[in-house]
Amino acid sequence: VSDNPEIAIIEMKLAKFIYDKYDRRMFLEIVVSFDEYESEHLDVVHLASIAFDVCNVLPQGFQIFYGIHLNDVYQKHIHFAINTVSCCSQVGKLDIDPDDLILLKCEISKILMRMGLKPALFDKTKDLMSSYKGRNI
C-alpha cells in the first residue's frame, strides 16, 4: 500500500469493498516494541530494516502498512496494520489462530536477535531468550 496513511486507508478499504468483507475484524495490528536501552540505540534506518524484515514473515498476499514511532525515545516501536482481506490470496479473510501467532512471534524474535536485540518475550520463547547473547546494536 501507499506510504501515505490516508491513501493506504483508502486502498485497504477498497479491497474490502471489492470483496464485500466489512464484517468482523477490519485489520490485524501487531506492535514490535523496544526497551529503553534498545530505543536509545536504534535509529530510523535500523527500525525501517526491522520493519521490512518483519513484513516478509507476515502473511503473504495481504496489504500491510507500518508506522515507526520515534516520539518516545525510551520506547520506540513499530505498528503493523494488516488488511484482513486480500486481493492476491485464496484465503477469504485473514484469521491468525493462537498457534500461528506463536510461530509468527518466534519468526519476529529471530529477526530481532539477528540484529542483536532481545526476542519477543512470552512463555513459548523462553528458549529463544536463552540463546540471546545481549549483543550490542
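Of the 137 residues of the protein, 34% are buried, a term applied to residues under 20% relative accessible area, with exposed meaning over 50% and partly exposed in between (1.4 Å probe, protein chains only). The model is a predicted one, in which local features need pLDDT of at least 70 and side-chain atom pairs count only at pLDDT 80 or more, whereas totals for chains, interfaces and linings use all residues. Residues are numbered from 1 along each chain as its sequence is written, and side-chain values use heavy atoms, with hydrogens and water left out. The accessible surface of the protein amounts to about 8,400 Å², and 56% of this belongs to carbon and sulfur atoms; such areas come from the Shrake-Rupley method with a 1.4 Å probe, and for residues only the protein chains shown count as cover.

The protein contains five helices and three strands, arranged from the N terminus in the order α-β-α-α-β-β-α-α. Helices (H or I, at least four residues) and strands (E, at least two) are DSSP runs, numbered from the N terminus. Among contacts between residues at least 6 apart in sequence, 59% join residues at least 24 apart, a contact being defined by heavy atoms within 4.5 Å.

The strands pair through β3 (77-83), as judged by the criterion that DSSP finds at least two bridges between two strands. Strand β1 (residues 27-33) runs antiparallel to β3 and is joined to β3 by seven bridges. Within this pairing, Ile30 stands opposite Phe80, and Leu28 has Ile82 as its bridge partner. On β2 (64-69), the pairing with β3 is likewise antiparallel and extends over six bridges; here Ile64 has Ile82 as its bridge partner. Strand β3 is mostly covered, with six of its seven residues buried.

Helix α1 (residues 5-18) comprises 14 residues and reaches 20 Å from its first C-alpha to its last, close to the 20 Å expected at 1.5 Å a residue. The expected span of a helix is 1.5 Å times one less than its number of residues. Ala8, Met12, Ala15 and Lys16 are the buried residues in α1. They lie on the same side of α1 because they cover an arc of only 100 degrees around the axis, the arc being that of the directions from the helix axis to the C-beta atoms. An α-helix has 3.6 residues a turn, so residues three or four places apart point the same way. The other side of α1 carries the exposed residues Glu6, Ile10, Phe17 and Ile18, while the buried residues pack against β2 and β3. At the start of α1, a side-chain oxygen of Asn4 reaches to within 2.9 Å of the backbone nitrogen of Glu6. Just after the helix, Asp20 adopts a positive phi of about 50 degrees.

The loop between α1 and β1 includes Arg25, which counts as partly exposed at 43% relative accessibility. Leaving aside residues up to four places away in sequence, Arg25 touches Lys16, Thr84, Lys93 and Asp95. Arg25 and Val85 are 60 residues apart in sequence, with a C-alpha to C-alpha distance of 9.7 Å.

Helix α3 (residues 44-55) has 12 residues and spans 16 Å between its first and last C-alpha atoms, close to the expected 16 Å. Its buried residues are Leu47, Ile50, Ala51, Val54 and Cys55. They cover an arc of only 135 degrees around the axis, which puts them on the same side of α3. The face turned away from this buried side bears the exposed residues Val45 and Phe52. The buried residues of α3 pack against β2, β3 and α4. At the start of α3, a side-chain oxygen of Asp43 comes to within 3.2 Å of the backbone nitrogen of Val45.

For helix α4 (residues 98-114), the 17 residues should span 24 Å at 1.5 Å a residue, and the end C-alpha atoms are 25 Å apart, which agrees. Buried in α4 are Leu104, Cys106, Ile108, Ser109, Ile111, Leu112 and Met113. At the start of α4, a side-chain oxygen of Asp97 reaches to within 3.1 Å of the backbone nitrogen of Asp99. Gly116, with a positive phi near 80 degrees, follows α4.

How values were computed. A polar contact is a pair of N or O atoms within 3.5 Å; within protein, one must be able to donate a hydrogen and the other to accept it, and residues adjacent in sequence count only if both atoms are side-chain atoms.
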